[in-house]
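Please read them with the structure open beside you.

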Amino acid sequence: MKKFFEKIFQSKVWRSIFRHGLPVSNRTRAEAVFYNFFLHVHPTKVRKRSLKFTYTWGLGGLSVGLFIVLVFTGALLMLYYRPSVAQAYWDMKDLQFVVSSGQFLRNMHRWAAHAMVAIVFLHMMRVFYTGSYRPPKEFNWVIGVMLLVITVLLSYTGYLLPWDQLSYWGISVGTNMVRSVPFGIGDKISFLLLGGNSVGENALVRFYVLHCFIIPVAAMVLMGIHFWRIRKDGGV
Amino acid sequence: MKEKDFHLEDSSNAKKPPKRVAFIKARTAARVKKEDEEMVMTVPNLVGREVIAFEIMVIILSVISLFFNAPLEWIANPEHTPNPAKAPWYFLGLQELLHYFPPIVAGVILPTLVVVALIVIPYFRINQKQEGFWKEDRQKTLMIFLAAVGILSVILFLFDVYAMLIPTWIMTGMILAPYFSKKEDGIIGWLGSRSLSWWVMTWFVVIVVILTTIGILFRGPEWSWTWPWHEIY
Amino acid sequence: MSNLRKYFALSSVIFLIVLALAPFKDYFQEWKSYQNQYNVLVNDLPQRVTPVPIGIKQLWIPKFDRVDRCVTCHLGMKEEALKNVRQPFTTHPHMYHDVEEFGCTFCHEGQGSATEYKESLGKVKFWDKPIFPKEFMEASCAKCHKEQIIPQAPILTLGRKIIQESNCAGCHKIEGYQKQWVPPLDGIGSKVNRTWLVNWLKNPKAYSPKTRMPNFLLPEEEANILADFLMTFKELPNGVTLESAPAVLTSASEAVKAKMIDLGSTRFKEARCISCHTVNGKGGYVANELGKVASKDNKEWLYNYIKNPKHISPDVAMPRFRLKENELTGMVAYIESEFVDYEMEAQPEHTPDPAFYEKGLALFKKYNCNGCHELSAAHKSEEVGPELSLIGSKKIYEIDFGKTTIDQSLPSYIHAKLATPRIFSPAMKMPNFQFTDEEMQAVTVALLGNTNETIPEEYIVHAKPKSTFVPQGEFGKIVKDLACMSCHVMNGNGRLVATDLSMEASQVQRKWVEGYFKVPYSLRPILTERMPNFFLPNDEIKTIADYMEKVFVVDSLDHEITKDAASVSKGKGLYFEKFGCQSCHQISGKGGYVGPPLDKIGSRLKGGWIYHWLKNPQAYKPESIEPDNKLTDEEAEDLAAYLISLK
């Protein structure tokens with residue numbers, strides 16, 4: 001058995017995919033990080049201190065994890081969802097009643113989204129209380145604040161998509177707040193967001209595109225920078 | 001320098017970081033680390049933990065998702081505003097503010113101020129010294145502090161924002177406690193060692209949590225005070 | 001490090017198990033179990049019923065924008081063999097519409113997209129159209145059927161009739177219903193007495209159980225103020241003045257009076273007043289109760305009204321009887337002596353509130369009395385109740401159930417509102433119509449049917465456009481004076497209590513018509529509504545007969561019937577042997593009671609009409625129960641020949 005696996009791990013095909021061997025020695029362990037696209041964001045070695053759970057509470061990592069869950073469930077949900085006033089709500093019903101595990105997917109997406117807003121906020125508090133924004137990480141803190149705003153926006157744009165009373169009036173209340181920005185700017189922003197003066201078909205499409213493409217891409221770019229800077233500043 | 005300080009790293013012992021020669025440029029103060037930090041391999045120590053954390057998170061999420069359905073209310077009806085019409089929970093703190101202050105203040109000025117304040121934190125050397133609040137010039141600090149709290153209280157009182165006023169006063173008491181008591185240890189000592197920025201941030205978080213909680217649980221028709229066990233519909 | 005590995009292994013195993021739970025939960029769904037049960041069930045049946053492949057089934061009805069998955073579990077709907085099996089597999093009872101074309105929820109409501117029992121009933125939070133209880137099902141017919149009478153939906157038909165007759169449109173805007181005529185209140189002070197009025201306002205049904213006036217649940221004080229206010233309106237509309245009642249009515253001696261009453265009583269019966277009016281609850285439903293009318297109306301008003309009803313109320317459906325002066329006086333004397341309410345509650349001594357007029361006017365407006373009654377002091381009101389045109393689409397969250405504990409659904413809301421109009425808030429002003437349970441159900445059904453659903457035009461069955469036919473000339477004047485159209489239909493216009501007169505001259509013989517006005521006997525003795533005797537003079541009868549012969553004729557109904565003995569006897573054979581007509585019709589006292597007796601029919605009907613009628617009765621009267629015996633031309637001719645020989 002063991003030999004069989006060893007044979008596979010040493011086969012040409014396997015080695016063409018994973019250039020390093022099994023992480024058994026420090027060398028191969030380092031290579032596993034070094035040669036792996038997903039892991040290379042990490043250094044090959046980390047300070048033992050930064051592994052301490054009660055220092056970071058893993059909040060940053062959990063935020064990424066939630067983001068991954070959201071992207072995954074979100075992509076699946078997109079298969080069943082049509083952003084139109086006539087269909088959106090009924091697609092929710094279909095998810096509930098006929099799509100295999102559709103309700104489960106939607107639940108995951110919804111709860112993960114709520115959790116992400118909370119956890120990103122907690123992450124920010126942790127960074128503040130541990131003073132981890134001190135030079136040279138000032139700008140990374142700023143990016144973090146942007147990511148917090150983006151997380152809230154992601155959650156908020158998704159809130160409209162089920163097109164029920166909750167979402168409709170949740171969004172109406174929010175955009176009415178935006179309208180109070182003076183000098184007519186608020187009205188302009190609100191018009192831009194909604195594609196009109198009230199929440200309707202246009203708003204639904206805009207929120208859909210924002211939710212599924214524009215904001216996630218922005219989040220991913222900022223996340224890339226955020227992690228890269230953590231790494232460069234000596235973090236994990 | 002001793003000869004053995006120069007030998008090159010030749011072991012694969014990850015626990016011992018390689019020693020390096022440092023070129024110290026002029027006009028830069030050399031700071032010598034007290035001791036080298038202990039390092040561990042990323043694989044499996046960090047990656048393993050990350051995977052476990054992720055898995056536990058997905059497990060918790062899945063279990064919640066199996067038993068609690070995401071809400072789906074009546075189909076959107078532009079002609080009927082629910083009473084109250086609530087924004088998503090993370091905006092309920094803001095909506096609660098909107099109940100007290102004019103929309104321009106609650107909806108625009110305060111949120112903008114908060115975001116700006118958050119952004120500038122690292123640039124103003126805030127909290128970088130992390131010195132206790134009463135460390136320097138106690139009299140002057142007290143005057144400024146009381147003036148600030150006074151102005152804030154008057155504003156909050158004028159707008160009937162008792163939900164913010166009361167926690168503000170409680171925290172004021174907590175800040176003032178170390179001023180009057182000279183105790184260096186225990187809770188008071190700990191409070192005394194908190195810096196200004198720590199207090200500001202904590203005050204902000206407390207207010208956010210309180211306002212959001214009120215917005216989620218205690219607001220009913222016409223945004224009136226309603227106990228959570230009273231059904232809205 | 002081995003600890004980390006252990007945790008990793010443990011968490012990974014739980015992770016995989018939990019992820020597998022979701023599809024696992026999905027696999028054990030309610031509907032799958034029902035489909036399996038169905039397949040077991042049909043296997044055990046003696047008849048051959050095909051089992052179903054497991055999977056969600058649905059009816060997609062794009063034109064109504066509905067997807068109904070009820071058929072996922074209701075699998076035996078069209079299988080006759082499953083008549084007696086348990087739900088959800090039972091055969092559907094008679095269906096008026098094809099389920100493939102209309103789906104399920106179009107009629108039943110409920111949540112069609114659901115695949116779980118509870119959800120599909122729609123009695124869940126956030127679903128506003130739960131499945132219709134059986135007793136309200138007919139509401140769905142109303143979505144498409146806008147016609148007056150829907151034979152398959154008797155409850156709906158009744159409900160619409162009640163809404164129309166109860167004058168709901170007086171206070172509520174409600175599409176498809178017009179305001180009914182109700183007596184104007186100007187002049188009421190010259191008509192009724194105050195005691196009666198107070199009692200009436202407090203409870204109209206106590207005076208006349210059949211009245212359409214609802215009970216406004218007025219407190220004593222409001223009833224008094226309103227009565228004081230109304231009694232001030234002594235002047236009749238349009239400047240009409242009342243003649244004073246003949247002095248004989250008061251001054252005559254007892255003997256003369258007895259004679260007057262005797263004459264009045266005879267005329268009252270001859271005129272068949274109770275064809276339209278009830279007397280202590282017995283009589284026709286067309287007009288109002290007379291049993292206690294002498295305690296309500298004063299004799300002056302009675303005299304003037306019977307003399308010429310239209311002079312006082314131009315729109316009233318009361319005919320002007322051609323009574324002579326002494327007959328009129330007798331009639332009033334008779335009414336005064338006979339129709340007295342001996343139990344009328346006397347009103348205590350009462351000093352009017354100094355501001356009774358202003359307060360009364362305010363009350364009059366508050367209760368929207370002018371929604372139904374005209375009164376010069378209060379301008380015609382707008383509807384004050386909420387519009388009811390779309391009430392069937394009212395969402396649960398738009399309904400204020402107040403502090404009631406009734407079932408939170410639209411049908412029970414409407415039902416409760418009708419039963420106890422102010423149940424949801426004491427501030428409501430809706431009066432109590434005191435409907436019976438059956439009536440309440442019918443009204444609820446009719447109201448529930450007023451939805452905002454968009455139905456493709458081709459599915460809508462429109463009400464027939466109302467004919468505006470009004471006869472003109474001398475005949476027209478008589479028709480108006482006698483209010484013929486309150487009972488008869490002419491060319492599509494009028495109220496069908498008695499016969500449709502549009503083809504009358506092709507159906508009956510002139511001689512019979514002329515005789516009929518002299519002594520109008522009833523063709524069907526079992527009916528309450530009988531033709532009154534108007535005591536018409538000959539020239540008016542001639543005008544009527546002339547007009548009918550010119551206008552109420554259908555040429556195609558002409559058919560020469562040869563009256564030779566051979567065909568008469570052949571017809572007699574057909575009547576008694578082949579078709580057994582005697583089972584419903586009487587000749588010389590022998591036969592059934594279902595149809596009208598046929599004695600002397602030869603002096604009444606025209607042969608051509610009998611011929612055509614026999615060949616296809618429903619062509620002329622769709623609701624007739626006369627069987628269509630598919631007679632040949634010859635059989636119809638013979639039968640007609642026999643019938644017109646019965647002189």
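This is a predicted model: local features need pLDDT of at least 70, side-chain atom pairs count only at pLDDT 80 or more; totals for chains, interfaces and linings use all residues.

1. Residues are numbered from 1 along each chain as written, chains are lettered from A and ligands numbered from 1 in the order in which they are written, and side-chain values use heavy atoms, with hydrogens and water left out.

2. How many residues form the contact of chain A and chain B? Chain A gives 68 residues and chain B gives 70, where contact means heavy atoms within 4.5 Å. The two chains bury about 6,500 Å² between them, 72% of it on carbon and sulfur atoms; buried area is the accessible area (1.4 Å probe) that two parts lose on being put together, summed over both.

3. Polar contacts link chain A and chain B in 27 residue pairs, with both residues at pLDDT 80 or more. A polar contact is a pair of N or O atoms within 3.5 Å; within protein, one must be able to donate a hydrogen and the other to accept it, and residues adjacent in sequence count only if both atoms are side-chain atoms. Several elements of chain A each supply at least two residues to the side that touches chain B, among them strand E1 (45-47) and helix H7 (102-129). H7(A) gives the most, with 16 residues. Helices (H or I, at least four residues) and strands (E, at least two) are DSSP runs, numbered from the N terminus.

4. By class, that side of chain A has 45 nonpolar, 12 polar and 11 charged residues. Ala, Val, Leu, Ile, Met, Phe, Trp, Tyr, Cys and Pro count as nonpolar, Asp, Glu, Lys and Arg as charged, and the others, Gly among them, as polar.

5. Chain B also meets chain C: 21 residues of chain B are in contact with 20 of chain C. About 1,900 Å² is buried between these chains, 73% of it on carbon and sulfur atoms. On the chain B side, Glu55(B), Leu66(B) and Trp74(B) lose the most area to chain C, together 36% of what that side buries. Five residue pairs across chain B and chain C are in polar contact, both residues at pLDDT 80 or more. The side of chain B that touches chain C has 12 nonpolar, five polar and four charged residues.

6. Chain C averages 87, with 98% of the residues scoring at least 70.

7. Some backbone details in chain B deserve a look. Most residues other than glycine have a negative phi, and most peptide bonds are trans. The bond from Val43(B) to Pro44(B) is cis, with omega near 5 degrees, and Pro44(B) lies in helix H1 of chain B. A cis peptide bond also joins Asn83(B) and Pro84(B), with omega about 0 degrees. Glu222(B), not a glycine, has a positive phi of about 55 degrees.

Technical notes: pLDDT is the predictor's confidence in each residue, from 0 to 100.
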